[in-house]
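Trainee: I would like to go through this model and ask what each label rests on.
Mentor: Go ahead, and we will set values against cut-offs as we proceed.

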Amino acid sequence: MALLHILRYPHPSLREKAQPITVFDESITNLAKNMLETMYEAPGIGLAATQVHEAKRLLVIDVSENKDKPLYILNPQLVDKSGEIDNKEGCLSFPNIYANVTRAEQVTIKYQDLEGKEHILEADDLLAICIQHEMDHLDGKVFVDYLSLLKRNRIRKQLEKKQR
Ligand code: NI
């Protein structure tokens, strides 16, 4: 396994729309395992393939306390959502930036696992928030897009300063 480089905002590839996965082979499994290791190492609770410069519809998530319940989510599709929850979010592409975002409190998604088998997942609270945040990445959307232009510009300046 290997650690992958996580793209930092405002890298233009974070705006790319990821493509569906149609072949469930060893290269996808390897990518997923490397993404999981990279996420644990960071440390974080979710990572989208977009963030490691792979425009594929693949997420890894683990919101468990002991980091022993990894989820590999391929080709996720939102089936249902309800409620509203406000939470302070961060993102591995935005080091040390946190901001309040309102999301659905419960979501139901349809996705495929590493073998291509279909699953339905009903999630709430932190897992639901994480799924929505990571699914946004697959469409080139990041959490600061929910903030005002003023706040977004402030965050962009902060991150650009750090990268110089
Ligand atoms: Ni993120």
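Trainee: Among contacts in the chain between residues at least 6 apart in sequence, what percentage join residues at least 24 apart?
Mentor: The figure is 64%. Keep in mind that this is a predicted model.

Trainee: What makes the chain as compact as a globular protein of its length?
Mentor: Start with the elements: the chain has three helices and seven strands, and along the sequence they follow the pattern α-β-β-β-β-β-β-β-α-α. The radius of gyration is 15 Å, and the globule rule gives 15 Å for 164 residues, so the chain is as compact as a globular protein of that length. Along its principal axes, the C-alpha trace spans about 45 × 35 × 30 Å.

Trainee: Why are Cys91, His133 and His137 called donors of the nickel ion?
Mentor: A donor atom must be N, O or S and lie within 2.8 Å of this metal. Cys91 (SG), His133 (NE2) and His137 (NE2) lie 2.1 to 2.2 Å from the nickel ion, so they meet the cut-off of 2.8 Å. Their spacing in sequence is C-x41-H-x3-H. Cys91 lies in strand β4 (residues 85-91) and His133 in helix α2 (residues 125-138), so this pair ties together parts that are 42 residues apart in sequence. Cys91 and His133 are both buried.

Trainee: Which residues touch the most other members of the largest nonpolar core?
Mentor: That core has 18 residues, and the ones with the most contacts to other members are Leu59, Ile61, Leu71, Ile73, Ile109 and Ile131. The elements giving two or more residues to this core are β2 (58-61), β3 (71-82), β6 (106-112), β7 (118-124) and α2. The largest share, six residues, comes from α2. Apart from this core lies another, of 16 residues, among them Ile21, Ala32, Ala49 and Val60. In soluble globular proteins, nonpolar side chains tend to be buried together.

Trainee: How do you know that Leu121 is buried?
Mentor: Buried means under 20% relative accessible area. Leu121 has 16%, so it counts as buried. Leu121 belongs to strand β7. Beyond four places in sequence, Leu121 is in contact with Leu71, Val107, Thr108, Ile109, Tyr111 and Ile131. For its part, Ile131 touches Ile61, Val107, Ile109, Leu121 and Ala123, again leaving aside residues up to four places away.

Trainee: Why is Arg57 called buried?
Mentor: The relative accessibility of Arg57 is 13%, so it counts as buried. Arg57 sits in the loop between β1 (46-48) and β2. Its side chain reaches the backbone oxygen of Ala18 at 2.8 Å, and a polar contact requires N or O atoms within 3.5 Å. Outside four places in sequence, the contacts of Arg57 include Ala18, Pro20, Asn75 and Asp139.

Trainee: Is Asn34 buried or exposed?
Mentor: Buried, because its relative accessibility is 15%. Asn34 lies in helix α1 (residues 26-41). A polar atom of its side chain is 2.7 Å from the backbone nitrogen of Ala2. Not counting residues up to four places away, Asn34 touches Met1, Ala2 and Leu4.

How values were computed:
Residues numbered from 1 in each chain as written. Predicted model: local features only at pLDDT ≥ 70, side-chain atom pairs only at ≥ 80, totals over all residues. Heavy atoms only, no water. Helix = DSSP H or I, 4+ residues; strand = E, 2+ residues; numbered from the N terminus. Buried < 20%, exposed > 50% of the residue type's maximum accessible area, 1.4 Å probe, protein only. Polar contact = N/O pair within 3.5 Å; in protein donor to acceptor, adjacent residues only side chain to side chain. Contact = heavy atoms within 4.5 Å. Donors = N, O, S within 2.8 Å, 3.2 Å for Na, K, Ca; no water. Core = buried A, V, L, I, M, F, W, Y, C linked by side-chain atoms within 4.5 Å. Rg over C-alpha atoms; globule rule 2.2 N^0.38 Å.
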